[in-house]
Amino acid sequence: MALFIRNVSSYKQDSLWSWFICVCYTICVILTVGLTFSLGVLFPVLMDSFHEDRERTAWTTSIIISVMCFTSLTSGGLLNRFGIRTSTILGCLLCSSALAMGSFVPTIVTLFIAFSLPFGLGLGLIYITFPVVATRYFIKRRSIALGFLMAGQGIGTMILSPTLQALVDACDWRNTFRGFAGLLAIASLTGWLLHKGISPPNEPTEVAPKGLQLHFGLLRNPVLLILILTRCSYVLCRLTPYVHLIKYANDVGIPADKSATLLMFIGVFATLGRLGGGFLCNLKLFQARILLQASLLIMGTSVMLLSLAKTYGTLIAFAIVFSASDGMMIVTFLVECMNSVEDSKQASAVGFSMISAGVVALGAPPLTGVCFIADKSGNYIAAFLFAGGAGIVASLVPFLLVRVNQGIEGNIVDDIEEVEGLRECGDVDGRNLQLLQRSGDDDVQHARNSSIILGT
């Protein structure tokens, strides 16, 4: 067994084994992230089972997302310390245990404690790991692999939404939880196929750092801070349809079996959006920042117009537009986030962005107007306008990167001109000037490759 594990950890990047690993990890994403975004199917079921209103029931999903986000920095530190194999196994087992415990709870509050909290912890480990899997196993096709891994959420939503509805109808939600607990326990075995160390395969093994490497210095990175602000703005808009679309469809008279298929449409087109986003980011013709802003604008507009959808056909149209833009948005955001820092700090960068999102997710949708407004007004009109407006605001935030870009290029030019002046005075030789110019060119090119610089 030890020999097998050692051998599967030694394959080259961008190889067939890399794609096999990508497929295996996508299964874990489907059963964790995909399941999380399919829980909207259970929203009316849990309301009836525990005799609760929208606001309290919505905490079930919101706590999962918030815990995932708030613990993401710690999850990144664990990944930096123990590697992607340990993080994956532990994450799957935590999610499995959460589902098993949640199936026995008598009240909604105990469901929060027994299910939402531990599931969020496990989900955080899985979510923080899969972008790093793309980095460890791919170089040339890294963006495509990232899009494929992220498509696991869409595939999971597409498959698990109707599956959950069918299972709940056949054997109630408690037995459904127990079945998925068993599946996730089996899925944890795929973690043994992953590379054991903290360095990429076929590279010299790095010594694991002592303690958790959290990299708080990243908070001085202006590009990362702008991306964090962007994420804070779009979280409310993104989460609202996943949680409330099924209930809204029921309110306008769509039968439960048909409304559950809306999440299937979301899954299909979210998958296409993620795959398309990864492919486009891999082409030099497109800038990830432009794709990010366009997808945020479309997503926000679609949520604002959701209250106008009153028929099954118009709800399908919304699901297609929203999910495709959502898929494109999340991939391009991660590409921008990971490219803004060096490889060894990518997990921490994603962690910081997720913590900021958790602050918003904790109150969205139950507190930040959505359920509160819906419960008080008796409909979702004002709630959808509020959430969609947040998405449109998020599409404008990345314009701040233009100012940052100008500062980066300006500082490099100023440094070179200063050294040229020193050379004229005889204080620096030509070789040092050449080295500085080459370094400046590399910095600018690296920024442009990361879709940070808006060059001509």
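1. A helix here is a DSSP run of H or I of at least four residues, and helices are numbered from the N terminus. On that basis, Leu 236 is found in helix α9. The model is a predicted one, and the points below should be read as describing that model.

2. On overall content, the protein has 17 helices and 0 strands. Of its 456 residues, 55% are buried. Among contacts with a separation of 6 or more, 85% are between residues 24 or more positions apart.

3. The structure holds 11 aromatic pairs. In one of them, the ring centres of Trp 173 and Phe 177 are 5.3 Å apart and the planes stand at 80°; because an angle over 60 degrees counts as edge-to-face, the pair is assigned to that class. Both residues belong to helix α8 (residues 142-187), where they are 4 residues apart, or about one turn of the helix. Trp 173 has a relative accessibility of 4% and therefore counts as buried. Phe 177, with a relative accessible area of 3%, is buried too.

4. A second pair joins Tyr 248 and Phe 384: the ring centres are 5.3 Å apart and the planes are at 80°, so this pair is edge-to-face. The pair links distant parts of the chain, with Tyr 248 in helix α9 (residues 222-251) and Phe 384 in helix α15 (residues 381-396), 136 residues apart. Tyr 248 and Phe 384 are both buried. Helix α9 is also the helix that holds Leu 236.

5. Trp 173 and Phe 177 are also members of an aromatic cluster, together with Phe 50, Phe 115 and Phe 119.

6. Charged side chains lie over aromatic faces at two places to check. Arg 178 sits over the face of Phe 104, at 4.4 Å from the ring centre. Lys 258 sits over the face of Tyr 312, also at 4.4 Å from the ring centre.

7. Two packed helices are described by the angle between their axes and the distance between the axes. For helix α2 (residues 16-36) and helix α7 (residues 108-137), the angle is about 155° and the axes are 10 Å apart. Angles over 145 degrees count as roughly antiparallel, so α2 is roughly antiparallel to α7. The crossing of the two helices is left-handed. On the α2 side, the contact is made by Trp 17, Ser 18, Ile 21, Tyr 25, Val 29, Thr 32, Val 33, Leu 35 and Thr 36. On the α7 side, the contacting residues include Phe 119, Leu 123, Ile 126, Phe 130, Val 133 and Tyr 137.

8. Ser 18 lies in helix α2, and its relative accessible area of 1% makes it buried. Leaving aside neighbours within four places in sequence, Ser 18 is in contact with Lys 12, Gln 13, Tyr 137 and Phe 138.

Technical notes
Residues numbered from 1 in each chain as written. Predicted model: local features only at pLDDT ≥ 70, side-chain atom pairs only at ≥ 80, totals over all residues. Heavy atoms only, no water. Phe/Tyr/Trp six-rings, centres within 6.5 Å; stacked < 30°, edge-to-face > 60°. Buried < 20%, exposed > 50% of the residue type's maximum accessible area, 1.4 Å probe, protein only. Lys NZ or Arg CZ within 6 Å of the ring centre and 35° of its normal. Axes fitted to C-alpha atoms, helices over the stretch in contact; angles between N-to-C directions. Parallel < 35°, antiparallel > 145°, perpendicular 65-115°, else oblique. Left-handed = near helix turned anticlockwise from the far one by under 90°. Contact = heavy atoms within 4.5 Å.
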